[in-house]
Amino acid sequence: MGIYRCNSCGYLTETADDPIGSSIPCPQCARSNPVYDTTVFIRKVLEKYFALRTAYKGVQAELDNQDAPATTPVPDTRLEGIDLHNTSLLSTDAQHRPIQDWFDAKKISVKVDPRAIDTSGFFDEVALELGRDLDLYKPLLDQIRYAQTRGFTQLNLPLTKRSQKDAQAIAAFCRKLYELSFLGRFTHQKAERNLRLTLQGSPQIRDFFAGAWLEWFVLMEILALSKETSVAFSCARNLSVVFPNEDLHELDLFWLVNAERPVCIECKTGEFRPLISKYSGLRKRLGLSKAQFVLCVAGLPEDQASGLSSMYDITLVSERGLRAHLASMI
C-alpha cells in the first residue's frame, strides 16, 4: 500500500494499484507527483511534527523569560532540539538577513532562495550517506551520471567484483534510493549478483546525482557544526550575486559566523582545475581571505588538497577534510 500526496493542491489518498516510486498525475490538478511508501511518509511527517513542537516550546520559553534580567551571555541555541534532517525553520528571510546585510555593506547585490536549505525532504540524508562513504558509492554515482547524460532510463550495476559486505551495502543503499523515490524502480537479481535500476526523470533528482548532492552534504556539515558549537550563524545555498559592474556569479554556499566571519564554499564533483583561477579572482572581489574561500572537491586525496592549497590563494579540501577546516573558522 502506498500513499499519494499532490505537492500543488494537497490532494491525499492511499493507493494499492500504483507502484511505490512511480509518478502519476493528480486526479484534481493533473500535476505529476510520486507515490511514497506509507511507512516512510508517516515517519517523516511525525519527525517534522515533533521537531516543530520542540521548536515551539523553545520559542515560548524564550518569550516567557524575555523580561528576566540578563546575567551572563546566552549561547546561540536556535538549533537546540531541532532535527537537522527534517526542518524548514531555517528557510526564512530572518535567518538570511545577516548575509543580506553583509553583501549590502560591500555594495554587492545578492539574491537567496530560502527554500534551498529546507531539509524536510530526503536530499540531505542521501547526500550524507554518499559523502561519508564516497569510495563505496562512487561507481554507482558515476554510472547514474553517465546514464543521465546519455538519456538512458535504465542501467545494470553488476556486483560480481564486489566483496559480499560491499555488495550488500550497495544493494541496501539502492533499495533506500527506491523507497525515497530517487529511483523509479529497483530489482536485485541475487543469483546473478546484479542490480537493475530505473532512473527518475525529474530535474531535481537529475541535478542531485549530477553534483548537487555535494552541496547538500556541505550544508549538513555546516548545520551540524553550528549546532555542536552553539555558534551564532547564518547560512545560504545557491546564491546569486551581482557586483557593481553588473558581473553575475553563482555561489554554492555561504556561511556567516557571528555576523562577521564569512566563509564561501564552492563544490565540485568533477573536473575542477580549470576553475581555480576563476575562484581566486572571485575570492579577491568578495574581499575574503584564503581560508575563507573553500573549494570542496569530492574524492580529492588529502595530499593533493594540501599541496594545491599551498600553491594557490584559495583553500582546497575534500568532503573528508571539510569539517576540520570549517571548525577552524569558528
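Reader: At what angle do the axes of helix α3 (residues 123–132) and α4 cross?

Author: The packing of two helices is described by the distance between their axes and the angle between them. In this predicted model, local features need pLDDT of at least 70 and side-chain atom pairs count only at pLDDT 80 or more, whereas totals for chains, interfaces and linings use all residues. Residues are numbered from 1 along each chain as its sequence is written, and side-chain values use heavy atoms, with hydrogens and water left out. The axes of α3 and α4 come within 6 Å and cross at roughly 115°. Axes are lines fitted to C-alpha atoms, for helices over the stretch in contact, and angles run from 0 to 180 degrees between N-to-C directions. The two helices α3 and α4 are therefore roughly perpendicular to each other (under 35 degrees counts as roughly parallel, over 145 as roughly antiparallel, 65 to 115 as roughly perpendicular, and the rest as oblique).

Reader: Which residues of α3 and α4 make the contact?

Author: On the α3 side they are Glu 129, Leu 130, Gly 131 and Arg 132, and on the α4 side Leu 134, Tyr 137 and Leu 141. Contact means heavy atoms within 4.5 Å. Helices (H or I, at least four residues) and strands (E, at least two) are DSSP runs, numbered from the N terminus.

Reader: Which strands does helix α4 (residues 134–150) lie across?

Author: Helix α4 lies across β6 and β8, and runs at about 155° to β6. Helix α5 (residues 164–179) lies across β6, β7 and β8, at about 150° to β7.

Reader: What is the order of the three strands in this open sheet?

Author: Strands of a sheet pair through backbone hydrogen bonds, in a parallel or an antiparallel manner. Here the order is β6-β8-β7, with antiparallel pairing; two strands pair if DSSP finds at least two bridges between them. The edge strands are β6 (154–158) and β7 (183–189), each of which pairs on one side only. From one strand to the next, the twist averages 15°. Six bridges link β7 to strand β8 (residues 194–199) in the antiparallel sense, and Phe 186 stands opposite Leu 197 in β8.

Reader: In what order do four strands form an open sheet?

Author: The order is β2-β1-β4-β3, and the pairing is antiparallel. Since β2 (12–15) and β3 (23–25) stand at the edges with a single partner strand each, one side of each is left without a neighbour in the sheet. Neighbouring strands of this sheet are turned by 35° against each other on average, direction ignored. Strand β4 (residues 32–37) is joined to β3 by three bridges, and the two run antiparallel; Pro 34 in β4 is the bridge partner of Ser 23.

Reader: Where is the kink in α2 centred?

Author: In an α-helix there are 3.6 residues a turn, so residues three or four places apart point the same way. The kink in α2 is about 30° and is centred on Ile 99; the bend at a residue is the angle between axes fitted to the seven residues ending there and the seven starting there. Ile 99 is also buried, as are Gln 95, His 96, Trp 102 and Phe 103 of α2 (buried means under 20% relative accessible area, exposed over 50%, partly exposed in between, with a 1.4 Å probe and protein chains only). The elements covering the buried residues of α2 include β10 (248–257), β11 (261–268) and α7 (276–286). After α2 comes Lys 107, whose phi is positive, near 60°.

Reader: How many residues of β11 are buried?

Author: Six of its eight residues are buried, and β11 is thus mostly covered. β11 pairs with β10 in the antiparallel sense over five bridges, with Val 263 in β11 as the bridge partner of Trp 255. Three residues lie between the strands of this hairpin, where Asn 258 takes a positive phi near 55°. With β12, β11 runs parallel, joined by five bridges; Cys 264 has Phe 293 in β12 as its bridge partner.

Reader: Does Ala 298 count as buried or exposed, and what is its relative accessibility?

Author: Ala 298 counts as buried because its relative accessibility is 16%. Ala 298 lies in the loop between β12 (293–297) and α8 (302–311). Its C-alpha atom is separated by 5.0 Å from that of Thr 269, 29 residues apart along the chain. Not counting residues up to four places away in sequence, Ala 298 touches Leu 134, Trp 213, Leu 214, Lys 268, Thr 269 and Glu 319.
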